[in-house]
Amino acid sequence: LARRAVGEPLFLKQGGGAAIKPRSRVMDENRLIRRKLKAEPSNARERKECGSIMRPEQILAISTHPSNMEFGSVCIQADTSKSFTISNDSQQHVRVQIDTLGNRSLAKSTPEAQVLPPGATAGFDITLYLESKAEVDTRFAYIINGHHRYEVPVKAQAVPVMLSLSKATMSFFFPEHSLEQVVTDTVHLLNPGNTHAEFKIISSEHFKAFPASGTVEPNAAEEISIRYNPGASSAREEKLTV
């Protein structure tokens, strides 16, 4: 029997007896693998290998990442994807299928299956979509050659799309002896979420925002200029609605 990786315990089957599970392999789950492999074997050799029951040393030649998928905080009503990566260091073709176990929050995950030649690495886009605020504790399964089934826990916290302002109040002053009729200051709209957020600012007669509407990209900020025109009055105080 081939040696298993350090820190990788045997996976115990229900009813006793030990079954080998694939090894862990550290990769970047936030980088999706764009190129996908074919879903079905295409010749006699591939069909035979992709339908075979694998020996323990062959299973140990398969490695995956991650063993637990942690999405962290994700915005509701937005797709968030991570890569489940599997590498085939065996000497045969293997077919890997993803089963989301009927979980609607993972229903957008793709592709359903890929055939990995010896030495190949494939990525499955595990996509999470949630309609409302919730704590997510679920799982998906991957099946090798239709015989060897393993599960991966998935956790996330769904939160609303939110924007924050870099400052809560703004003060406008005209320099002494200034002949300008307007003065401008800036504020930033901050989007800490994982999806874009649209905004609209309702200006007033004397305070106007530029731009007054738009989109803030995920984990980014948008600079907003606020232009103050006091008119005939020397002092004004108003609120702008975002």
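Predicted model: local features only at pLDDT ≥ 70, side-chain atom pairs only at ≥ 80, totals over all residues.
Which residue lies over the face of Phe-71?

Residues are numbered from 1 along each chain as its sequence is written, and side-chain values use heavy atoms, with hydrogens and water left out.

**View 1. Phe-84 and Tyr-142 form an aromatic pair.** Rings of Phe, Tyr and Trp (its six-membered ring) pair if their centres lie within 6.5 Å; planes under 30 degrees apart are stacked, over 60 edge-to-face, and the rest tilted. This pair is tilted, at 5.0 Å centre to centre and 45 degrees between the planes. It links strand E6 (residues 80-88) to strand E10 (residues 134-144), with the partners 58 residues apart; strands are DSSP runs of at least two residues, numbered from the N terminus.

**View 2. Tyr-142 also pairs with Tyr-150.** The ring centres are 5.4 Å apart and the planes meet at 35 degrees, so this pair is tilted. Phe-84, Phe-140, Tyr-142 and Tyr-150 form one aromatic cluster.

**View 3. Charged side chains sit over phenylalanine rings.** Lys-82 lies over Phe-71, 5.9 Å from the ring centre. The charged end of Arg-227 is 4.5 Å from the centre of the Phe-210 ring. The cut-offs are NZ of Lys or CZ of Arg within 6 Å of the ring centre and within 35 degrees of the ring normal.

Key:
Helix = DSSP H or I, 4+ residues; strand = E, 2+ residues; numbered from the N terminus.
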